Amino acid sequence: MKKFMDKDFLLTTKTAKELYRRGAEKTPIFDWHCHLSPKEIYENKQPADIAELWLSGDHYKWRVMRSCGISEEYITGQKSGYEKFKAFAASLPYCIGNPMYHWTHLELQRYFGVETPLSEKTADEIYQKCNEKIKAGGFTPRELIEKSNVACVCTTDDPADTLEYHGLLRKEKDFKCRVLPAFRPDKALGLELPTFIPWITAMEKAVRREIHTFAELKAALLERMDWFGENGCCASDHAFTYVPYAPATDSEIEKIFKKGLIGGTLSTAELNKYRTALMLFLGAEYARRGWVMELHMGPMRNNNRKMFARLGPDTGFDSIDDHEIAQGLSGFMDALEVKGNLPKTVLFCLNPKDNYVLGTMLGNFQSSEVPSKIQFGSAWWFNDNYDGMREQMKALSNLGVLGKFVGMVTDSRSFLSYPRHEYFRRILCELIGDLVEEGKYPNDLEFLSKVTADISYYNAAKYFGIE
């Protein structure tokens, strides 16, 4: 029987162990899609305790606690940090096979030197040990980022954002990690949502002029993209249930935009036309600037209306949608490609039924301008577990070119989330090691060590142009 989470955790073959040590273990991290706060990175405050550092805002942990019947007052309510920590510790042992169990213990081992499994019995001891470590220092956002060997992060930023803290961080000479903005114009696409008109007001403030037409909106977005570019932006990001493709005339789009601007009711057909027009405009601009376009497809958000009213979005009440995605995505990418406007693109699916849809879509639009110009994004959100990561990489290896894969992202708001990269790298090395051990690929450790290092960091660094 193997020891729980020893140095060879998830590495069961000699080849996998050697690939991990030689290729992946010490390679830097480029976290090109995350939700870290640049303000928090700049302010660099020491956390009060492990509960604040570990449980605040982590909806993965919150879902575990809810599934164990823990009252909301111990999750997002007014109970003390100690009480919340105890409640999470009591829940965790039941998460047999859940990646949260592995992530939790990787974080405890890597940052706190805690080897003891967390449970209700060990909670007090671990709580005290972690808090003693935090009190001794070394747990500010920047210290955690540097301790994790992170070379660069791309945060997720609205077009109306001032990017104030990105600018301030560039002046911090002692902080070596680059913190770059990523352009996330989801609110511009949400024409039917109550957030749209307040967002237009914020954009008007950002560009110092009013926005009354679709043409004026595009001009404002161009100006903000220029500003993001001046601040080092190399990526955009979009969240869709499905990518629409419904071409329309300029006059149609102007009518739809004006209808939305006065709060009119918009049909699905009208929204698809508006989003198609805006995405075709944005995609062409990303291509012109050399930015990467990330498309995240498949979530069904805010399912629990009662809890959404109480807590708002991103609090653990999202799930996987089963919408069909192939035809709209193909039409959209083809419309950009025909005019030479298709940017480097990373396709993420939340529903694993779409692994082969995306795995085959890649090959339709590849180009000599960059290896694997169209990428299949890493197993995302509900899929970033042992089976989900293996299945995503197996689909990519079956249908595309695994060796040019741009690898893992944290997609996280937590400064302790970087062991997820280690988790991914171990799974990657185990997957490749299996092929070698089974005689399905030559035992070329020199080449494969380079490939694992490339997938872990270097492919993404080149693809996004940070090196």
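Predicted model: local features only at pLDDT ≥ 70, side-chain atom pairs only at ≥ 80, totals over all residues.
## The four-stranded sheet

Four strands form an open sheet in the order S4-S5-S8-S9. Their pairing is parallel. Strand S4 (235-240) and strand S9 (374-376) stand at the edges. Each has a single partner strand, so one side of each is left without a neighbour in the sheet. On average, neighbouring strands here are turned by 20° against each other, direction ignored.

Now take the pair S4 and S5. Strand S5 covers residues 292-297. Six bridges join S4 to S5, and the two run parallel. Within this pairing, Ala239 stands opposite His296 of S5. A helix also belongs in this picture. Helix H14, residues 268-289, lies across S4 and S5. H14 runs at about 155° to S4.

## Two helices that cross

Two packed helices are described by the angle between their axes and the distance between the axes. Helix H18 spans residues 386-399, and helix H19 spans residues 419-437. Their packing angle is about 55°, and their axes are 10 Å apart. An angle of about 55° makes H18 oblique to H19. The crossing of H18 past H19 is right-handed.

Which residues of H18 meet H19? They are Tyr386, Met389, Arg390, Met393 and Lys394. On the H19 side, the partners are Tyr423, Phe424, Ile427, Leu428, Glu430, Leu431 and Asp434. Sorted by type, the residues of this contact give eight nonpolar, no polar and four charged.

## Ile200 in helix H11

Helix H11 covers residues 196-207, and Ile200 lies in H11. Is Ile200 buried or exposed? Ile200 has a relative accessible area of 4%. Buried means under 20%, so Ile200 counts as buried.

What does Ile200 touch, leaving out residues up to four places away in sequence? The contacts are Ile211, Leu217, Phe257 and Leu261. Glu422 gives a sense of scale. Ile200 and Glu422 are 222 residues apart in sequence. In space, they are 41 Å apart, C-alpha to C-alpha.

## The buried side of helix H5

Helix H5 runs over residues 81-91. Its buried residues are Lys84, Phe85, Ala87, Phe88, Ala89 and Ser91.

What do the buried residues of H5 pack against? Their partners are helices: H3 (50-54), H4 (59-67), H6 (99-112) and H7 (123-136).

Conventions. Residues numbered from 1 in each chain as written. Heavy atoms only, no water. Pairing = 2+ DSSP bridges. Axes fitted to C-alpha atoms, helices over the stretch in contact; angles between N-to-C directions. Contact = heavy atoms within 4.5 Å. Parallel < 35°, antiparallel > 145°, perpendicular 65-115°, else oblique. Left-handed = near helix turned anticlockwise from the far one by under 90°. Nonpolar A, V, L, I, M, F, W, Y, C, P; charged D, E, K, R; others polar. Buried < 20%, exposed > 50% of the residue type's maximum accessible area, 1.4 Å probe, protein only.
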